[in-house]
Amino acid sequence: MAEQPAPAHHGGARWIATSSGGACAFAGASHRMPSPHSWLSAVDWCLALAARTPGCKYVSVSRFKRHCSCSGSCEATTPNATFRHGRVTGRGVRVDWDPLPPPPGGGKIPARVALQVSGHLRTSCAFGAVERHLSACRRRFRTCSVFVHTWSSLEPATLHWSGARRGADRSSAACVTRLRAALEPAALLIEEQNGTAVWRAAAGRAAAGSAVAATVAAARAAAARE
């Protein structure tokens, strides 16, 4: 079982919602995936692999065993609590992750939820996972707000403790504009970072604490206005 590089997202949320427990009894080629941090990432990985495998109509996935296998049919299954299996459908379709059932009685849960996101936006400027979580949250709860803390540079502008520079000092302005339009955050805090200072653990903890305090204050202010 060869370990493969992680492919892109291929609509795992829809597959999770329609899959069943156990594994296909007559699975074909099996692959060992990189350690997935969630069922969604495991299924995304396996479905992306299936999209490149001719004749793959069903996949069996185990997040805990890091297993992905393809098969042309799945008439018989093997009971296994760590596996799920299902037909490969909707390839290449990005869907929001919301496998939870709707609240009892329909409608939205009468609660206010705050999501806090903090860190550098990085050169890739990718925040699709945050969009999916926020979208699922807003469908399920009456109020769901996101509070963002980031830096004026895409990558860390400080020097690593080894003396090496960890990333290019590029402005995050364009990425912040994209993020603001996509997430519509209740509050957005952008801090300047000294590009000549050496990053130390104590200073890092202090900066993180300051960011948390600022976003908590913004959340309370937003709640007071509602």
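Me: How many residues are there in the protein, and what share is buried?
Reply: The protein has 226 residues, and 36% of them are buried. Buried means under 20% relative accessible area, exposed means over 50%, and partly exposed lies in between, with a 1.4 Å probe and protein chains only. This is a predicted model, in which local features need pLDDT of at least 70, side-chain atom pairs count only at pLDDT 80 or more, and totals for chains, interfaces and linings use all residues. Residues are numbered from 1 along each chain as its sequence is written, and side-chain values use heavy atoms, with hydrogens and water left out.

Me: How many helices and strands are there?
Reply: The protein contains 5 helices and 10 strands. These are DSSP runs numbered from the N terminus: helices (H or I) have at least four residues and strands (E) at least two.

Me: Which residues touch the most other members of the largest nonpolar core?
Reply: They are Trp15, Val59 and Val61, in a core of 18 residues. A nonpolar core is a set of buried Ala, Val, Leu, Ile, Met, Phe, Trp, Tyr and Cys residues joined through side-chain atoms within 4.5 Å.

Me: What is Val59 in contact with, leaving aside its neighbours within four places in sequence?
Reply: Its contacts (heavy atoms within 4.5 Å) include Trp15, Cys46, Leu47, Ala50 and Val88. There is also a second, separate core of 13 residues, with Cys137, Leu154, Cys175 and Val176 among them.

Me: Changing topic: how many aromatic pairs does the structure hold?
Reply: It holds 1 aromatic pair. The ring centres of Trp39 and Phe64 are 6.2 Å apart and the planes are at 85°, so the pair is edge-to-face. Rings of Phe, Tyr and Trp (its six-membered ring) pair if their centres lie within 6.5 Å; planes under 30 degrees apart count as stacked, over 60 as edge-to-face and the rest as tilted.

Me: Where do Trp39 and Phe64 lie?
Reply: Trp39 is in helix H2 and Phe64 is in the loop between E4 and E5, so the pair ties together parts 25 residues apart in sequence. Trp39 is partly exposed, at 22% relative accessible area, whereas Phe64 is exposed at 57%.

Me: Last one: is Arg140 buried or exposed?
Reply: Arg140 is buried, because its relative accessible area is 18%. Arg140 belongs to helix H3 (residues 128-140).
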